[in-house]
2 protein chains.
Amino acid sequence: MGAPMAANLLKAGFAVTVWNRTAGRADALLASGAVLASSPSEVAEVSEVTLSCVTNSPDVEAIALGPNGVIEGAAPGSVYIDCSTISPEVARRVAAALAAKGVSMLDAPVSGGDVGARAATLAIMVGGDPATFERCLPVLESMGKTVVHVGPSGAGQVVKLRNQVAGGLHLLAMAEAIALARSAGVAPEKMLEVVSAGAGGSWMLSNLAPRALRGDFAPGFMVDLMQKDLGLVLETAANESLLLPGTTLVQQVFGVLQAEGRGAEGTQAIVDAVGPSRRQ
Amino acid sequence: MGAPMAANLLKAGFAVTVWNRTAGRADALLASGAVLASSPSEVAEVSEVTLSCVTNSPDVEAIALGPNGVIEGAAPGSVYIDCSTISPEVARRVAAALAAKGVSMLDAPVSGGDVGARAATLAIMVGGDPATFERCLPVLESMGKTVVHVGPSGAGQVVKLRNQVAGGLHLLAMAEAIALARSAGVAPEKMLEVVSAGAGGSWMLSNLAPRALRGDFAPGFMVDLMQKDLGLVLETAANESLLLPGTTLVQQVFGVLQAEGRGAEGTQAIVDAVGPSRRQ
C-alpha cells in the first residue's frame, strides 16, 4: 500500500523522502524523484510530515518509538501520520509518547485496497487533534478521495476495525453468492452485473468477485492481514461484551484458508472455503 | 412494490389496467389514470403484457393458473411477466403451462427496495425467451435501471436468490459494524460516511443504516419476506449439497427477530439482534 500512496504524494508535488525495511522496495519511487533515507529517524529529520504504512501494532511502535525511530528525528511542531491498521490502544500510546516531545500524531488507516491506493481514491479515517488534521488535509487528500476526521486519537483505528467487520462479511456474502451461481449453471458474470447494481451490491462484489472468478488470488489485501484485523475486532468485542456472530464466523472461515497455507493470498480466496464439499 | 412500479409504467405513457387482492390499494393509481379490473384474467384480456408482483410461489400459481387467473384471459402471443421472488421451479412450471396456451412468460424479480421501485432504479434480473425479453424491454426499462437477461425460464429467480444471500449477509455486517461503533462511542454517522466510501461499502450500509440509526424500522423489505427468500436459498443449497454457513447464520438471526414478533418490520431491525447482551 505504501508505495502507490507515496507515488501519489510525488504526483501532487510534495518533496518525498522514503525508507523501507526491505532494500529495493523504494526503487520505483526513487526513479520518480523521491530521496532515500537510511532510517525512520532520518526521514523525520527532513520532513514536516512523516507517514508510515506497515503491518501491525509492534511495527508501528518500532518505527515511531524504537531505535532510529521517528521520535529521534522529528522536530517539535512536526506531524507523524500512521496509515497502518493497528490497535486503537497502541495508536493512543504512540501519540502520547510523541506529544511529550512536541510532535503531533494522526492515526489515519485507509480502506480501498491496492486499487484505491493507486487511483488515490482511498477512504481515510482520521483520529487526532482537529487543527493538525486541517493542516495535513492537502497531504491526505493527495492519497484519498474520502478523508474524514472521525474523532480524537485512536478514533481512526476504531472506525477502521468496523470497516473490516463489514468487509469480512461482504467477502463471505460474495463467496456464497458465487457458489450458488456456479452450482445452478447461471453465468456468474451475469449474476454479478445485476446483483452489483441492486440491493445486494457491495465494494467487494464489484472489485474482488471478478478477480475470484478468473482464479486470480494475488493479494490486494492478504488473508493473514484480514485475520490480524478481525483478531483486533474480536478482542475489542470480548472486552466490551459484544455478540458478533458474523465476524466470528468469518474469522473461522479465513482460519481454514490459513491452515491450508493460503494466508498470503488475497481475501478473495474465500470463494474456495464455501460451496460444494471438497471431497471429489 | 407493485404500486410504485405501476406508477412508473403510467409515467412512461403505457395504458395500465390494475387489479389488487386488497380493494382500495389501487386508488392512487386510478387517480393517475389507471383502469380497474376485477380479476387477473380481466387484466390479461385487455393487455399485451400482464405483470404481477406478489409474495410467494403459491400466490403466483393462483394469479397465473388459478380460477380467474391470467391463463383464462391472456390471448396467444401476449406476455406474462412475474416480478415476484419465488422458487425457480415454480417459475418454470407456470411458464410451461402458459406456453401450452401460446402465452410467453418472463420471470423478472427485482432488487432495490421501495426506494428503487419509486425512483425506477430497480435492478431487474430476467429469465425466459430472449426475443420476448427484447420485446418487453421498454416495459421493464420504465421500472428499472439495470435490466439484464440472465438466462432461460427460471434463471431470473436463480439470480435473485443469490442476491438475497448477499443482501442478508450485508445486513448482518451493517448490524455488527453499528454495534461496534456504538460501544466505542464513535458517532455511527461518521463511521458510515467513511466506511460507505471504502472497501466496506454496500448498498445496505448506504441505504438502510441511516434508517436503523434513527430507529426507523418501517419495512422497505420485511423480515418475513427475507426469511421466505432465505428459506428458498437454503432449500436449493441442501438439494445441491452446498455449504453456506453465512446464509444459515443470517436466517437464524432473522428467526430470532421473527420469534420476537418483529417479522413485519424492515430488515434493518437486525441491528437489535447483535451487540450487547439484552439483559440490562
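The model is predicted.

The interface involves 57 residues of chain A, in contact with 57 residues of chain B. Of the interface residues of chain A, 100% are also interface residues in chain B, so the copies meet through the same surface. About 4700 Å² is buried between the chains. Carbon and sulfur atoms account for 71% of that area. Within chain A, the residues that lose the most area to chain B are Arg162(A), Leu180(A) and Ala199(A). Together they make up 14% of what that side buries.

Polar and charged interactions were then examined across the interface. Twelve residue pairs are in polar contact between chain A and chain B, counting pairs with both residues at pLDDT 80 or more. Salt bridges between the two chains number zero under the rule applied. Helix H9 of chain A, residues 155–184, gives the most to the side of chain A that touches chain B. Its contribution is 18 residues. By class, that side of chain A has 34 nonpolar residues, 18 polar residues and five charged residues.

Strand pairing also links the chains. Strand S10 of chain A (residues 275–276) pairs with strand S9 of chain B (residues 242–243). The sense is antiparallel, and the pairing runs over two bridges. In this pairing, Gly275(A) stands opposite Leu243(B) in S9(B).

Over all chains, the structure holds 18 salt bridges. One of them joins Asp114(A) to Arg118(A). The closest N and O atoms of this pair are 3.7 Å apart, inside the 4 Å cut-off for a salt bridge. Asp114(A) and Arg118(A) both belong to helix H7 of chain A (residues 113–119). They are four residues apart in that helix, so about one helical turn separates them.

In chain B, Phe217(B) lies in the loop between helix H12 (209–213) and helix H13 (223–239). Beyond its neighbours within four places in sequence, Phe217(B) contacts Ala212(B), Arg262(B), Glu265(B), Gly266(B), Gln268(B), Ala269(B), Val271(B) and Asp272(B). Val54(B) is 163 residues from Phe217(B) along the chain. The C-alpha atoms of Phe217(B) and Val54(B) are separated by 22 Å.

Definitions and conventions:
Residues are numbered from 1 along each chain as its sequence is written. Chains are lettered from A and ligands numbered from 1 in the order in which they are written. This is a predicted model: local features need pLDDT of at least 70, side-chain atom pairs count only at pLDDT 80 or more; totals for chains, interfaces and linings use all residues. Side-chain values use heavy atoms; hydrogens and water are left out. Contact means heavy atoms within 4.5 Å. Buried area is the accessible area (1.4 Å probe) that two parts lose on being put together, summed over both. A salt bridge is a side-chain nitrogen of Lys or Arg within 4 Å of a carboxyl oxygen of Asp or Glu. A polar contact is a pair of N or O atoms within 3.5 Å; within protein, one must be able to donate a hydrogen and the other to accept it, and residues adjacent in sequence count only if both atoms are side-chain atoms. Ala, Val, Leu, Ile, Met, Phe, Trp, Tyr, Cys and Pro count as nonpolar, Asp, Glu, Lys and Arg as charged, and the others, Gly among them, as polar. Two strands pair if DSSP finds at least two bridges between them.
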